[in-house]
Amino acid sequence: MNQPLPDAPAIRLRGLRKEFGNIVALDGIDLTVPTGSVFGYLGPNGAGKTTSLRIMLGLIRPTDGSAELFGRDPVREGVAALEGVAGFVEAPTFYPYLSGRQNLHLLADLDGGGHDRVEEGLAVVELADRGDDKVGGYSQGMRQRLGLAGALLRRPRLLLLDEPTNGLDPAGMRDMRRLVADLASTGLTVLLSSHLMVEVEQLCTELAVIARGRIRFAGTLPQLRDRHGGSGYRLRVTDARRARAACGDLPDVKVSISESGELLVDADADGAAQLTVRLGRAGVGIYSMLPDAPSLEALFFDLTEGSSASDDAAA
């Protein structure tokens, strides 16, 4: 039996394609998730996120291409490739007439062990005091947390989570995000599939955006913003017109005034520094100066609905 490759990334997808009849759910995906990262897998509903996760977990077979977890392919090696891998796709399901603790022990039986980690899992997801309550009386947030406890029975190195805050109220979302952040801080690799921008911004070190079954971007959020011209600043000053006149001749610096009277500056860090010196010499006071980078939401819509998506699809 092949052993996990020590230098292999946590996830490597190459040419991954999945067809359901005439529907192409995944259209040749290439993606690498480095070990130790919290990787956001961002896309609108129906983009192909859940299909990708089902292939990674060996629940369905790809039409073409491969999905490797620590260098091992579930198609070739079956369940052995999932050693050290856990997670849930869509909402976790449990027997409602059993308690949370009983459900976890049943999962441990099915997985061939892990009974000694049931109490630890309940404690991590803060359900120790509700472990003997029937799951039928759990809230949606508690069920999601119990699903996370079930995944932790395997002591995974890689955790695959598909929309873990879906259907939760704001408090439930906060609690789930905090749990994921705490787990990631231990060195666990997390792939977080989501369509919520705030979730990815708060938790993820890297991200990929998928739309219509194709990867539109993979990298860090600063790289995404740089790619879309995110080098700008927004200033509130004492006199925007005098500021624009004072800085009009600075090289590689473009200055304009917004409808709200703010000074909009297109420049790199060095150009911005020169601008502040020039404003000081001109006697223009600065109330505030903030990066004028596009939001992740704006970048997301451009990649999935705007010109970037159209250009990629036509390529």
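Let me begin with a definition: a salt bridge is a side-chain nitrogen of Lys or Arg within 4 Å of a carboxyl oxygen of Asp or Glu. The model before you is predicted, with local features requiring pLDDT of at least 70 and side-chain atom pairs counting only at pLDDT 80 or more, while totals for chains, interfaces and linings use all residues. Residues are numbered from 1 along each chain as its sequence is written, and side-chain values use heavy atoms, with hydrogens and water left out.

I turn to arginine 101, whose side chain forms a salt bridge with that of aspartate 132 at 2.7 Å, N to O. This pair joins distant parts of the chain, 31 residues apart: arginine 101 lies in helix α3 (residues 100–111), and aspartate 132 in the loop between α4 (118–124) and α5 (140–152). Helices here are DSSP runs of H or I, at least four residues, and strands are runs of E, at least two, numbered from the N terminus.

Is arginine 101 buried or exposed? Its relative accessible area is 16%, so arginine 101 is buried; the term means under 20%, with exposed over 50% and partly exposed in between, using a 1.4 Å probe and protein chains only. Aspartate 132 counts as exposed because its relative accessibility is 60%.

A second pair is arginine 155 and glutamate 120, in a salt bridge of 3.0 Å, N to O. Here too distant parts of the chain are linked, 35 residues apart: arginine 155 is in the loop between α5 and β6 (158–162), glutamate 120 in helix α4. Arginine 155, at 48% relative accessibility, is partly exposed, and glutamate 120 is partly exposed at 41%.

Finally, salt bridges link Arg12, Glu68, Asp73 and Arg76 in a network.
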